[in-house]
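Hi,

Here is the structure I promised to pass on. Have a look at it first, and then read my notes below on how the chains meet.

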Number of protein chains: 2
Amino acid sequence: VDNRPIGVFDSGFGGLSVLQSLVAEFPNEQFIYLGDTARIPYGVKSPATVAKYLKQNLEFLMTLKCKTVVVACNTASAVLKSETFAIPVIGVIEPGAEAAVATTQNKSIGVIATKGTVNSKAYVTAIHTLDTSITVHQNAGPLLVPLVEENWVDDPITNLIIYRYVAPLLSKGIDTLVLGCTHYPFLLPAIEKVTTGKVNIVRSGPAVAQSLRQTLAGADAAAGASQKPAPTRLLTTDDSSTYIEMARRLTVGLDLAKPELVEII
Amino acid sequence: VDNRPIGVFDSGFGGLSVLQSLVAEFPNEQFIYLGDTARIPYGVKSPATVAKYLKQNLEFLMTLKCKTVVVACNTASAVLKSETFAIPVIGVIEPGAEAAVATTQNKSIGVIATKGTVNSKAYVTAIHTLDTSITVHQNAGPLLVPLVEENWVDDPITNLIIYRYVAPLLSKGIDTLVLGCTHYPFLLPAIEKVTTGKVNIVRSGPAVAQSLRQTLAGADAAAGASQKPAPTRLLTTDDSSTYIEMARRLTVGLDLAKPELVEII
């Protein structure tokens, strides 16, 4: 039994979609959410820069006594070397790849993600590590994060844009679509309008929840059944009103404390 | 006569639209362009953070012996205290406001910009400093920068999005529209499809060229008529391939040197 908190990290607030899954799955765990909003977005930055920022953020979360950290950011997960940290650190890419491989029947998987994640080929590599016979089709969707931030989530313009990004993957015959950016689950209803039930959609939240359960069980580190967590602490590195407002809008139903500004470097 | 270079600074590559205007207007001047791509975008960050980054970037350009710097970024211009620097520093907001005030006939001006610029009310303040009787209508267009970066500049989806952002301003009866973000001139043909010649469009590039001419004349600091500038140096703080590729695409016709990676902090 280990009642210390679990850190959830993202460059911004997309990771809140992962937090929602984790809070639902682990009602006794205390979570701390860190958004590195001063340096958002990571998706267009070089791997070396992202790796530097990730290390700084993880070290900061360790000072808050986190027993483990979920990196709820695909760009950062793509450069994560988890063995270099003193606590278990779980990215979203391997769990998402495992879920996709377990789901596909026809061995044709689509991935939609930011340009950075697409260029890193992180999902392609992770899927081929599990099964080299699977074909992976990728497409970048740079407008999707801004659409979530604009809150045009139920909007004909958004449907058109998603159609343009997803249709080329559907035409390749995929039966499984990985949402390779933690913002995208907020667009799930619009994405389902385009996929019309024909493909299985893999989200990071449910996939990483399974990995987290194994990690906690392996280390006997789950919180006690009697722990009643406080509201999730919401830490940001910049006090941007735009993002705080967005976080409130995206996290309806999540019990979040008042945002706190923290200094990482 | 002063043959030292002129710095042009932006958080990313939107400022290249300003550089294009300046190169055309000042054929004897040597320009150096700095894009702080490691910390892009500035539009969602707090004023204190943006001011800190701006100071660091300006100090860096001074080490390169720039005789003056044009801040080709609205977010950074909004927090610029030009009197605190040892060389003349010109933002884009006052020149844009002056051009708009000189253009409007019916004293109703529209401004389209990032959320950060809209929230700062920088154009409202600058316009009212010149003429309190003018009404200023603002609207934020968060999807426009990503659309430029996606290169969907001649696209029905882009026309729909611009219509949604600009139509509310047109319905207020504006006769002048300020493009309050240096990315937006790359969307000018699409914007003109929506405004259909009914409003005057004010861009930062031509507006700031006029201010720069006055600054150089006032200090007798124009380059000699015989100076033949080398290609503009293109400095970035991150070696992101996404942005370098975008810079190449946006700057057709500009004589740019090979991008150089620089370290600011």
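Chain A and chain B bury about 2,600 Å² between them, and carbon and sulfur atoms give 56% of that area. Of the area that chain A buries against chain B, 22% comes from Val44(A), Leu143(A) and Arg164(A), more than from any other three residues. Please keep in mind that this is a predicted model.

In terms of contacts, 30 residues of chain A touch 30 residues of chain B. Two salt bridges run between the chains. In one of them, the side chain of Arg164(A) meets that of Asp155(B) at 2.4 Å, N to O. There are also twelve residue pairs in polar contact between chain A and chain B, both residues being at pLDDT 80 or more.

Which helices of chain A each supply at least two residues of the side that touches chain B? They are α2 (47-63), α5 (115-120), α7 (144-150), α8 (156-170) and α11 (241-250). The most comes from α8(A), with five residues. By type, the residues on this side of chain A are 15 nonpolar, six polar and nine charged.

Best wishes

Technical notes: Residues numbered from 1 in each chain as written. Chains lettered and ligands numbered in written order. Predicted model: local features only at pLDDT ≥ 70, side-chain atom pairs only at ≥ 80, totals over all residues. Heavy atoms only, no water. Contact = heavy atoms within 4.5 Å. Buried area = accessible area lost by both parts, 1.4 Å probe. Salt bridge = Lys/Arg side-chain N within 4 Å of Asp/Glu carboxyl O. Polar contact = N/O pair within 3.5 Å; in protein donor to acceptor, adjacent residues only side chain to side chain. Helix = DSSP H or I, 4+ residues; strand = E, 2+ residues; numbered from the N terminus. Nonpolar A, V, L, I, M, F, W, Y, C, P; charged D, E, K, R; others polar.
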